[in-house]
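Hi everyone, thanks for coming.

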Amino acid sequence: MAPHSASGRKSDTQDVSGNLDRLLRETRRRLYAAAAASDREILSDVQTLPDSEIELMERRLRGGLRSAELDHRRAVARLASADTPLPFADAAAEFFSPEPASGSQYTTEGVTDSTRSAVFQHSMNQPGLSELGFTKGLPVVDPLEITARPGDLILVISETGRAEDGAGVASRIAARLAVPSQILLAGARTVNPGSHTRVRSAEELEQIRGENPDDVLIVSLVNSRVRSHQRNANRLIELHDFAQVWVCVDARTDAGHITRTVTDLPGEARATRVAATHVWEAKQPGNVLLPGIPVALLDGAPASTQLWGLVAHDAHTRLNRQRR
């Protein structure tokens, strides 16, 4: 049998890409339809509940829907071969390979051609990438491995009003560790609510550490501007040696806010990794790279080459639709 011609292979690739894209869009449509139907059924049964409880249920429903959609995107991305453009790559021909820049988020070490998406064989022009915050081009990076040794302390810092981001990242870290771990919530319940074990002082943290010498303790702390909270946070950080310091960053905020979030930390802590949230809603998702701290998680998923490609192309598509 004669081998396919170049044009034949291109046509096959386009067909597979189109099928994947249609699969994703159809599944998303059904997902939203099912959620809407469930929402109506639930609403008819909860009219007697207080407004606050109804709002909480609605938030959980929206959060579950969002999580399911992202999980589906990642699943389809894993199904795509190295020769198949990923979903949302309707304009994949507009892309070209970016030149890797210096820095931990722009390295070819450990990244082979077989692991790169076809999206990265072509890239948007530099002005287009800059509009999305990717001033050095799209990152080419293997996902950062999340590891720790028994007895390590890991600090996760979130912004005031976003304590749930810190707890969520702490849970992601714990789930990926190969050693026993515990999640601790630092500070007052009014600022950092949750059901995990609470640690209110440096002394309490030291006591818990002494009672659990082989566990990795993941401390979720809110960077509060209240002076009493700042004092407690400073003391907790200054008296302990944290193996990793994660900072939660809202990707929807501007570059200046992101830089302050990563650098203005309590107790002179220094960020070692960034966990970006709300990446899929951000107009300039590349801004989370500007401080130069390795970005390890994008909305809870490991920040891989392929996922950065999806994020960039999704933002590019939304930007073009706004201009029409």
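**Starting from one threonine**

Let's begin with T277, which is found in strand β6. Before we go on, please keep in mind that this is a predicted model.

So, is T277 buried or exposed? With a relative accessible area of 10%, T277 is buried, because the cut-off for buried is under 20%. And what does T277 touch, if we don't count residues up to four places away in sequence? The answer is D165, V249, D250, A251 and D299. Two of the names in that list, V249 and D250, sit in β5, so that's our next stop.

Strand β5 runs from residue 244 to 250, and seven of its seven residues are buried. Here's a bit of background: in a regular strand, the side chains alternate between the two faces of the sheet. You can follow that pattern along β5: Q244, W246, C248 and D250 point one way, while V245, V247 and V249 point the other way. Whichever way they point, all of them are buried.

Now, who are the partners of β5? One is strand β1, residues 153-159, which runs parallel to β5 and is joined to it by four bridges. If you want a spot to look at, find V156, which stands opposite W246 in β5. The other partner is β6, residues 273-277, and here the pairing is also in the parallel sense, over five bridges. In that pair, C248 stands opposite A275 in β6.

**Zooming out to the sheet**

Let's step back for a moment. The protein has eight helices and eight strands. The eight strands form an open sheet with mixed pairing, in the order β3-β2-β4-β1-β5-β6-β7-β8. Which strands are at the edges? They are β3 (197-199) and β8 (301-302), and each of them pairs on one side only. At the β8 end, strand β7 (residues 295-298) pairs with β8 in the antiparallel sense, over two bridges. There, L297 stands opposite P302 in β8.

**The helix between two strands**

Back to β5 and β6. Together with helix α7, residues 255-263, they make a right-handed β-α-β unit. At the N-terminal end of α7 there's a cap from D254: one of its side-chain oxygens lies 3.1 Å from the backbone nitrogen of G256.

Next, look at which residues in α7 are buried: I258, T261 and V262. Why do we say these three are on the same side of α7? Because they cover an arc of only 90 degrees around the axis. What do the buried residues of α7 pack against? They pack against β1, β5 and β6. Turn to the face pointing away from that buried side, and you'll find the exposed residues R260 and T263.

**Inside the protein**

Another bit of background: in soluble globular proteins, nonpolar side chains tend to be buried together. In this model, the largest nonpolar core has 48 residues, and L205, F242, V288, L298 and W308 touch the most other members. Helix α8 (residues 305-323) gives the most to this core, with seven residues. There's also a second, separate core of 17 residues, which includes A148, A170, I173 and A275.

Leaving aside its neighbours within four places in sequence, V288 is in contact with V249, A251, I258, A276, V295 and W308. For the protein as a whole, buried residues make up 44% of the 324 residues.

**Two residues in loops**

T160 sits in the loop between β1 and α4 (163-176). What is T160 in contact with, leaving aside neighbours within four places in sequence? It's V222, N223, S224 and R225. The side chain of T160 also reaches the backbone oxygen of N223, at 3.2 Å. And although T160 and V191 are 31 residues apart along the chain, their C-alpha atoms are separated by 7.3 Å.

The other loop residue is H196, placed between β2 (181-186) and β3. H196 is partly exposed, with a relative accessible area of 32%. Its contacts, again leaving aside neighbours within four places in sequence, are S171, I183 and L185. As for I183, it is 13 residues from H196 along the chain, and their C-alpha atoms are separated by 6.3 Å.

That's it from me, thanks!

Conventions:
Residues are numbered from 1 along each chain as its sequence is written. This is a predicted model: local features need pLDDT of at least 70, side-chain atom pairs count only at pLDDT 80 or more; totals for chains, interfaces and linings use all residues. Side-chain values use heavy atoms; hydrogens and water are left out. Buried means under 20% relative accessible area, exposed over 50%, partly exposed in between (1.4 Å probe, protein chains only). Two strands pair if DSSP finds at least two bridges between them. A crossover is right-handed if, with the strands pointing away from the viewer, the path from the first strand over the helix to the second runs clockwise. Contact means heavy atoms within 4.5 Å. A polar contact is a pair of N or O atoms within 3.5 Å; within protein, one must be able to donate a hydrogen and the other to accept it, and residues adjacent in sequence count only if both atoms are side-chain atoms. A nonpolar core is a set of buried Ala, Val, Leu, Ile, Met, Phe, Trp, Tyr and Cys residues joined through side-chain atoms within 4.5 Å. The arc is that of the directions from the helix axis to the C-beta atoms.
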